[in-house]
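Good morning, and thank you for making time for this presentation. Please have the sequence and the model in view as I speak.

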Amino acid sequence: MSSAATFAQVSSAYHIQVILPLALRGAFTYRVPEHLVGDVEIGRRVVVPFGKRRYYAALIYKVNVNVPIGTKPKDISYVMDDLPVVTDQQLLFWEWMAEYYMSGLGPVMNTALPNALKLSSKTTIALNPAFEEYEAFTDDERMIIAQLSTHEQMEVSQLEALSSKRSIQKAISSLLKKGVVLTSEEMKPQTKPRTVERVELTPAFQKEEALNGLIEGLSNAPKQFELVMRFLEITGGDLLDGVNKPLLLQRSNATSAILRSLMDKGVFQLIEVFAESEEAHAVDGFELNEEQAQVVLTLKEQFDTKVCCLLQGVTGSGKTLVYAELIRETLAAGKQVLYLVPEIALTTQLVQRMKHLVQQEVQVYHSRFTDRERLTTWLRLLDSANPELVIGARSALFLPFHALGLIIVDEEHESSFKQHEASPLYSARDAAIWMAHAMGAKVLIGSATPSVESTYSARKGKFGFAELKKRFADIQLPSVHIVDMTKSKRADVMDASLSAELVEGIKAAMVQKQQVILFQNRRGYAPFLMCESCGWSAECVNCDVNLTFHKHFEKMLCHYCGYNYKLPKNCPQCNSAKLKVKGFGTEKIENQLETIFPEARIARMDLDTTRKKNAFQNLITAFEEGSIDILVGTQMVSKGLDFENVGLVGVLSADSLWNRPDFRAFERAYQMLTQVSGRAGRKGRRGRVLIQTFRVDHPVLEYVINHSYEGMYQHQISERQQFAYPPYTRIMQFKLMHTDAKFTKEAAVYFAGLLRERFGKRILGPEEPTIPRIRGRFIRQIFLKMEGSLSLKQSRKAVWECIDLLEGHESYRKVKFQIDVDPL
Ligand code: ADP
Ligand code: ZN
Ligand code: ZN
């Protein structure tokens with residue numbers, strides 16, 4: 001018998017499958033040399049050769065696998081980690097994502113792993129100046145430290161060249177984990193967080209008796225008396241708490257000198273703290289009102305049978321408090337909680353609030369954190385199953401949780417939960433629901449304006465449901481008024497952008513010392529530059545879009561590719577000087593307001609003013625402290641911000657919200673208008689909203705005025721059914737892109753043909769998208785609409801066949817191809 005020999009051969013040849021950090025679909029098989037067999041384990045990283053003399057840090061995905069027939073796997077070079085850096089459960093999640101979003105495992109790994117775990121030869125590193133304990137290092141580590149102390153910074157490849165050993169990456173990786181070295185991203189100078197002065201009682205006066213004595217003694221110093229009383233009012237009597245200095249002075253109408261005299265008496269002290277905004281949210285005692293308490297009960301009951309529940313609650317109804325209660329209970333039961341927010345910029349405000357509400361440290365995870373910070377959070381979770389609360393953007397979903405009990409997806413309707421930039425184009429909301437199923441956790445998705453899909457799922461019984469119908473403390477929802485711009489324009493007020501009504505409204509709010517938020521969904525100064533003599537207009541050379549005029553930079557700028565040039569003095573086509581900017585963006589509105597309200601303090605919040613690390617937070621803090629009167633901004637101003645004193649919200653041009661060729665445009669317009677309106681009148685008196693439009697009869701406006709989510713939903717759901725859109729169908733979108741227009745078109749026709757052979761009438765297109773060319777690439781898109789009864793698995797298989805044919809085609813394989821499952 002030959003079996004003994006065969007057996008011996010197999011057992012000595014140990015093989016593994018790894019995931020490579022490349023845009024490749026599958027996993028790849030490698031041989032493990034005998035001396036490394038003991039180090040091989042699923043979830044550890046290995047360095048492997050791939051392609052021509054290139055090495056990559058890959059992740060071990062399967063061990064002890066069979067060798068695919070007819071292949072001769074290469075050897076792995078060495079193992080980088082002593083312990084796995086990802087869990088089995090994460091790998092299951094990756095598998096699901098790769099399959100569902102049809103991206104393959106490589107792109108999922110690239111999205112999932114924090115940079116610090118994705119070391120490549122190109123990474124630049126340096127010694128961490130803050131690190132001092134040089135002890136217990138391996139020879140390799142010592143060599144690296146020595147090199148780095150004479151060089152300021154080095155590329156990994158330079159270090160590799162210096163060492164005969166290929167294990168140098170392992171040593172670097174270990175030094176990164178220990179915080180001894182940093183990657184280049186972290187060495188960039190960080191903008192310092194803004195600090196504010198906080199007023200606190202000195203320890204001597206943190207006692208009731210001492211304080212009572214003081215208050216009696218102040219009867220002949222009314223200003224000081226007032227200040228102390230305001231302090232106690234704002235802190236709610238918590239003698240250990242503090243108040244931001246500007247807020248305290250503003251509320252008590254006091255000067256710094258009055259505060260100074262109380263400090264001289266030893267009553268108050270000033271502490272410098274990072275700009276955070278706790279005061280506005282210090283919910284003392286944190287007691288749910290009746291409606292909120294009832295909703296918590298309902299949700300808990302529903303979670304007995306449902307994995308996912310939808311919480312609908314009007315703006316300002318206290319959804320955050322409901323989340324907090326469920327978070328507290330989950331943590332108390334020893335489980336972990338993940339809280340996903342749609343906008344990174346919102347985390348600081350939320351983290352402060354949550355710390356207060358759940359009385360626990362909060363881990364934060366998103367892309368504005370440094371590599372080091374993200375790695376630390378990753379390793380911390382990898383190491384333990386302690387009850388942790390993690391707040392983050394969608395990437396936090398990829399953290400190594402061991403004991404996940406609850407995922408919260410706040411503002412679930414937001415499209416930023418979908419990854420749009422790079423494959424996999426996943427939805428963090430939908431992925432959270434899969435993950436909860438797999439890990440035995442629960443998902444709570446919440447919104448004042450839930451997506452049509454989520455409400456549909458709730459009404460079908462797939463999701464549980466609970467609703468908060470009233471704003472907290474019975475504050476009324478704002479009154480919404482429409483301004484007819486066709487009439488307003490005839491009256492020729494200002495420059496088309498600000499109607500007389502809106503200007504009056506702003507004046508009234510200023511008189512009442514209330515703040516104003518103005519919303520315009522276009523940044524820059526003006527979206528068009530036109531020649532009035534010949535009709536020439538400034539367009540991007542790489543994209544089929546107009547260039548936006550940015551006054552501050554004196555530049556024409558493309559918002560898609562960054563192409564820009566100086567504002568021309570004369571028309572490049574006919575040399576006429578009659579160049580005119582048309583339309584208006586946030587920058588122009590800010591300018592106009594400055595002329596109309598010279599005494600008002602005006603600020604702008606858009607991509608251009610919030611690029612720096614703490615810029616957004618600083619604006620929020622300034623607005624909260626009352627040092628901004630009017631805030632002009634893009635959709636950033638609409639998202640979940642909780643301000644106390646906003647009397648008026650103005651929408652400058654609602655028309656742009658629904659003028660889009662997208663079946664979700666109507667729903668989106670409703671959500672945007674309702675959310676931005678919701679910033680008005682959250683504390684105290686009822687807020688006002690003015691919406692400027694050229695189409696006063698647009699049906700969405702009626703639903704917004706009446707705060708009728710139900711009306712919007714019914715309108716939309718019947719349209720979706722009639723035209724076979726989600727939730728009645730599933731959509732896959734395919735994009736083909738190439739620099740040659742004709743070639744792109746041909747490839748798209750070919751690909752659509754392949755799809756049609758398999759899916760027939762379910763295929764729509766190919767068609768030109770609204771912007772047919774971006775960054776020099778022409779785009780064609782094709783849609784696949786799948787009815788509910790169609791097998792998703794079979795469909796994916798058929799789509800893969802088509803992709804294989806496209807990628808195997810001798811010329812069409814050159815097109816760039818992108819697949820979007822459930823596009824948003
Ligand atoms: P939403 O997220 O639904 O828009 P928030 O959770 O931001 O609403 O609550 C709106 C405001 O009402 C917040 O300032 C919050 O502190 C306050 N609030 C809500 N519920 C309570 C409560 N039970 N006790 C004290 N304050 C509350
Ligand atoms: Zn011209
Ligand atoms: Zn461009």
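I begin with a definition: a residue is called buried under 20% relative accessible area, exposed over 50%, and partly exposed in between, using a 1.4 Å probe and protein chains only. The model is predicted, so local features need a pLDDT of at least 70 and side-chain atom pairs count only at pLDDT 80 or more, while totals for chains, interfaces and linings use all residues. Residues are numbered from 1 along each chain as its sequence is written, chains are lettered from A and ligands numbered from 1 in the order in which they are written, and side-chain values use heavy atoms, with hydrogens and water left out.

Let me turn to Ile 482. Its relative accessible area is 26%, and therefore Ile 482 is partly exposed. Ile 482 belongs to strand E19, residues 479–484; helices (H or I, at least four residues) and strands (E, at least two) are DSSP runs, numbered from the N terminus. Not counting residues up to four places away in sequence, Ile 482 touches Ile 691, Thr 693, Val 696, Leu 701 and Ile 705, where contact means heavy atoms within 4.5 Å. Between the C-alpha atoms of Ile 482 and Ala 332, which are 150 residues apart along the chain, the separation is 48 Å.

His 698 sits in the loop between strand E29 (688–693) and helix H24 (699–705). Is His 698 buried or exposed? With a relative accessible area of 9%, it is buried. Leaving aside neighbours within four places in sequence, His 698 is in contact with Trp 658 and Phe 666.

Next, the helices. Helix H2, residues 88–100, has 13 residues and reaches 18 Å from its first C-alpha to its last, close to the 18 Å expected at 1.5 Å a residue; the expected span is 1.5 Å times one less than the number of residues. The buried residues of H2 are Gln 90, Leu 91, Phe 93, Trp 94, Trp 96, Met 97, Ala 98 and Tyr 100. Following H2 is Met 102, with a positive phi near 55 degrees. One aromatic cluster is formed by Phe 93, Trp 96, Tyr 100, Tyr 101, Phe 398, Tyr 426 and Trp 434.

The aromatic pairs in the structure number 25. Rings of Phe, Tyr and Trp (its six-membered ring) pair if their centres lie within 6.5 Å; planes under 30 degrees apart count as stacked, over 60 as edge-to-face and the rest as tilted. For Phe 623 and Phe 643, the ring centres are 4.6 Å apart and the planes are at 70 degrees, so this pair is edge-to-face. Phe 623 lies in helix H21 (residues 615–624) and Phe 643 in the loop between strand E27 (630–633) and strand E28 (646–651), so the pair ties together parts that are 20 residues apart in sequence. Phe 623 and Phe 643 are both buried.

I close with the backbone. The peptide bond from Ser 423 to Pro 424 is cis, with omega near -5 degrees, and Pro 424 lies in the loop between strand E16 (404–410) and helix H16 (428–439). A cis peptide bond also runs from Pro 726 to Pro 727, with omega near 10 degrees. Gln 359, a residue other than glycine, has a positive phi near 50 degrees. At 64% relative accessibility, Gln 359 counts as exposed.
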